[in-house]
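Here's a quick briefing for anyone meeting this structure for the first time. Have a look at it, then read on.

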Amino acid sequence: MKVPGMLGPKRRGISGAAINRGLRSGMASKIVGPWDWILAPALMSIGLTLALAAAFQPFGFYLPEPVSPLILAFTWPLIRPSYFAPLVLGVLGLFLDMFWGASLGFWTISLMLVYGALVTARTYIVGQEWIVVFGIFLLTECLFFSLCVLLTLIDTGVWPRLWGVVEQAFATTLLFPFVLYLLEKYVHADVRFQ
Amino acid sequence: MPYGDNNKHFEHLKLPMTWAVMGVVAVVCIVAALMFLGDRREDVEPGAYNKRAGFDTVASLPDKALSYPVHKIGDGTNWLDDYFFAVRENRSLKKKVAQLQQDHDRMVELADINARYEKLLNLRTEPPVETVAARSVAVSRGPFANNRLIDAGSKKKIGFGNPVITEHGLVGRVVGVSADVSRVLMVTDVTSHVPVMILRSDARAMMNGDGGGYPKLDFVRGKDSVKVGDQILSSGDGGIFPRGLPVGEAVKGVDGVWRVRLYSNRAPIDFVKVLLFKDFSQLPNSDTLLRTPAVSDVLPPPAQPVVASASASSASGSSAPRPAPSTAAVTTAGAASTSTPSAKPKPPAPKPATPKPAASKPSGTSDAASSTPELRPFVPPATTQTTSPAPEGQQ
């Protein structure tokens, strides 16, 4: 994936180690386990959600409240279909339900539908230019938040304030560089992913 | 290994990865959908959020740790601010104290007069409400849920439904309680409905949250009952909130809908006060109060057509069935008395000159005024010893 400002897979992350199995260094593969691309980002997402929920209003403004697990719901199916990732995503959705006080299953359903849609369409998205991926991300966000509005309408019978939905979608869009970072780091990182 | 190995028939059979993952996704979706259907947030009941009490206790810990340095820095800047601007603040405070002293004297005088009026009118006044102070540790402020965790719980006698206010106005009410942490449903949440009144006109309305900072003001009745800038207070209707809590000011949105500019948004919500107010639903036995009475306990039974004798019907020459004597309907107001043997068929009343069909003539309005069916209020069986028989005079 051609991403401006990124050098490609030459860099080694702090989490993975290069293993030389008797091959030449250029062909040495790197083992990328579930901790690297599933569990660690999930924990970072939980940490970000907790940090931004602090009761702190700098200069009278509220902190943004992005739906950070949406980044993972978008990225994980593009990296590799996995049995483990949807389960972790379900746990993340349940965490959002509990922490933000929504109905149980509200965020889980929305995130899982995004994941399922992208698993089926991953072959059309992987390898595209970053601007195409960004466009698909915006489209995914529209569908995701529309689904959230619909579920809120079903649950409470009240339309949520749409401008507030746009604000939350905008805050989530600001996390798009993490999508590029994760794709760049993990899409071609392990030959077993191919 | 050859394909014909008897021990490994399916080693070359690969389950398509994408379809298998979709199966996992479908299972998680089904589980989530079942949870969603079983957890209706609109029905805000004590059990709805209490099952999250353990999670709230754990989730509040990192936010308490995060907010600690923030509060310390805030306290430090406040100290510096006080130090540098002490003289100017002292002057302005002296002016305020002089003004407030006059207001205080006036308030004492009015309170004395008010107390005398209450005694004269024998009014039942509300007792003072005890309060508990707490600090907000975590906020959910999105469009789909507006909640807040505060660091006080059942150890400080906080209970479900307790209103939460700041020094400015109403914030919300407690919907989940654990030992040290409580979850507050903000008045801006989509499930929040607060009965309010407009102070100027005493008109009633319902303040419904929509996830934004300006809740809607619905069900406003009357002409000019609301004007821009009118003060909105809690009306106390429904018994959830006490009457008279300051809520906000009326504003008109760009969509033409009346909204409320909340007083609690005047400053960041840091410290809050929880009113240990027992709402009305906690006072009586809700199981008895909210039980829907049987229809036969409230409404009179339908009129039974009288089976007239063949000779009488042939003599009258009318084939239409006659309505039952309405006295029978009166005596059968209770469910138990519908089959009382005292409801004997009486001889038919004198017919009018032009007989009408029975369907167009309700039995309750047929005869004398004393035979009008009586609507009785529902009395729960728990509070009544026996079903009182119908009075003799109604037989």
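Let's start with one term: two residues are in contact if their C-beta atoms, placed from the backbone, lie within 7 Å. With that rule, 61% of the contacts in chain B between residues at least 6 apart in sequence join residues at least 24 apart. Keep in mind that this is a predicted model, where local features need pLDDT of at least 70, side-chain atom pairs count only at pLDDT 80 or more, and totals for chains, interfaces and linings use all residues. Residues are numbered from 1 along each chain as its sequence is written, while chains are lettered from A and ligands numbered from 1 in the order in which they are written.

**The two chains**

- Chain A has 7 helices and 0 strands (helices are DSSP runs of H or I with at least four residues, strands are E runs of at least two, and both are numbered from the N terminus).
- Of the 194 residues in chain A, 41% are buried (20 or more other C-beta atoms within 10 Å of the residue's own; 12 or fewer is exposed, in between is partly exposed, and C-beta atoms are placed from the backbone).
- For chain B, with its 395 residues, the buried share is 28%.
- In chain A, 68% of the contacts with a separation of 6 or more come from residues 24 or more positions apart.

**Where the chains meet**

- Chain B brings 45 residues to the contact and chain A brings 47.
- On the chain B side, the elements giving two or more residues are helix H1 (17-38), helix H3 (53-84) and strand S1 (131-141).
- H1(B) gives the largest share of that side, 13 residues.
- By class, the chain B side has 25 nonpolar, 10 polar and 10 charged residues (Ala, Val, Leu, Ile, Met, Phe, Trp, Tyr, Cys and Pro are nonpolar, Asp, Glu, Lys and Arg are charged, and the others, Gly among them, are polar).

**Helix packing in chain A**

- The axes of helix H2 (residues 69-79) and helix H3 (residues 84-100) of chain A come within 10 Å and cross at roughly 165° (axes are lines fitted to C-alpha atoms, for helices over the stretch in contact, with angles from 0 to 180 degrees between N-to-C directions).
- That angle makes H2(A) roughly antiparallel to H3(A) (the label for angles over 145 degrees).
- Residues making this contact include Leu72(A) and Trp76(A) of H2(A), and Leu89(A) and Leu96(A) of H3(A).
- By class, the H2(A) and H3(A) contact has 8 nonpolar, 1 polar and no charged residues.
- H2(A) also packs on helix H4 (residues 106-125) of chain A, with axes that come within 7 Å and cross at roughly 35°.
- Where H2(A) meets H4(A), the residues include Phe74(A) from H2(A) and Arg122(A) from H4(A).
- That contact has 13 nonpolar, no polar and 1 charged residues.

**A residue to look up: Leu245(B)**

- Leu245(B) sits in the loop between strand S9 (231-234) and strand S10 (246-252) of chain B.
- Leu245(B) counts as buried because it has 21 C-beta neighbours inside 10 Å.
- Leaving out residues up to four places away in sequence, Leu245(B) touches Pro163(B), Ile165(B), Leu170(B), Leu233(B) and Ser234(B).
- The C-alpha atoms of Leu245(B) and His168(B) are separated by 9.8 Å, though the two residues are 77 apart along the chain.

Definitions and conventions
Parallel < 35°, antiparallel > 145°, perpendicular 65-115°, else oblique.
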